[in-house]
Amino acid sequence: MKAAEIITRMVDFFYVKPLRRIIPLETFRYAVCGGINMLLGWVLYALLYKYVIRGCYLDLGFVVMSPHVLALAVQFVITFFTGFWLNRHIAFHGSPLRGRVQLFRYLISVLGSVLLNYLLLKFFVEAVHLYPTPSQAVTSLLIIGYSYLMQKYFSFRGCVDGNCR
């Protein structure tokens, strides 16, 4: 049995009756995959920052990366690919699009999420004058919605579970 099949069965095990009435299976799988990838990102960031980077700056010649930004950059690269794999093989496994097309579209979608996150955070903090923490919470909820729609209808669009669109 492949890793994707094992993970899918584990995720589907928690798709119980009350949830079935509220949320479609594809959306549930997407939420679980996103949660897994988010937790992985947090753990990676902490481990990279504390044990790998250990306060070192990286001089690239044209810019110097501080330790926290360097940890974020490395963590982003890893979670970009794990997020793609989880979405491709668990949440939206029925897409007929080729892998490289999905990867390119996923990159566009993620870059859009990063840009939208930045713009919304600036808007809520600087224009609306909300505190940064609640602003980030609201922004995250909006980004999750944007990201789901982008993955479903752009990055991995097509036939899912025999359902073609």
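Q: Which helix gives the largest share of the lining of the largest pocket?
A: In this predicted model, α3 does, with 11 residues of the lining.

Q: How much space lies in that largest pocket?
A: The largest pocket holds about 1,200 Å³ of space. Its lining counts 32 residues, and those closest to the centre of the pocket are Asn37, Met38, Ser113, Asn117 and Ile143. The elements giving two or more residues to this lining are α3 (25–53), α4 (67–91), α5 (99–127) and α6 (132–155).

Q: How do the residues of the lining divide into nonpolar, polar and charged?
A: The lining of the largest pocket has 17 nonpolar residues and 15 polar ones, with no charged residue.

Q: What is the handedness of the crossing of α3 and α4, and how do the residues of their contact divide?
A: The crossing of α3 and α4 is right-handed. Their contact comprises 18 nonpolar, 8 polar and 2 charged residues.

Q: At what angle do the axes of α4 and α5 cross?
A: The axes of α4 and α5 cross at roughly 125° and come within 11 Å. That angle makes α4 oblique to α5. The crossing of α4 with α5 is right-handed.

Q: Which residues make the contact of α4 with α5?
A: On α4 they are Phe76, Phe80, Phe81, Gly83, Phe84, Asn87 and Arg88. On α5 they are Gly99, Gln102, Leu103, Tyr106, Leu107, Val110 and Val114. The residues of this contact divide into 9 nonpolar, 4 polar and 1 charged.

Q: Finally, how many helices and strands does the chain have, and what pattern does the chain follow along the sequence?
A: The chain has 6 helices and 2 strands. Read along the sequence, their order is α-α-α-β-β-α-α-α. The C-alpha trace of the chain spans about 50 × 40 × 30 Å along its principal axes.

Conventions:
Residues numbered from 1 in each chain as written. Predicted model: local features only at pLDDT ≥ 70, side-chain atom pairs only at ≥ 80, totals over all residues. Heavy atoms only, no water. 1 Å grid on protein atoms, 1.4 Å probe; cavity = no way out; pocket = protein on both sides within 12 Å on 5 of 7 lines; lining within 4 Å. Points joined across faces, edges and corners; volume = space filled by probe spheres on them. Helix = DSSP H or I, 4+ residues; strand = E, 2+ residues; numbered from the N terminus. Nonpolar A, V, L, I, M, F, W, Y, C, P; charged D, E, K, R; others polar. Left-handed = near helix turned anticlockwise from the far one by under 90°. Axes fitted to C-alpha atoms, helices over the stretch in contact; angles between N-to-C directions. Parallel < 35°, antiparallel > 145°, perpendicular 65-115°, else oblique. Contact = heavy atoms within 4.5 Å.
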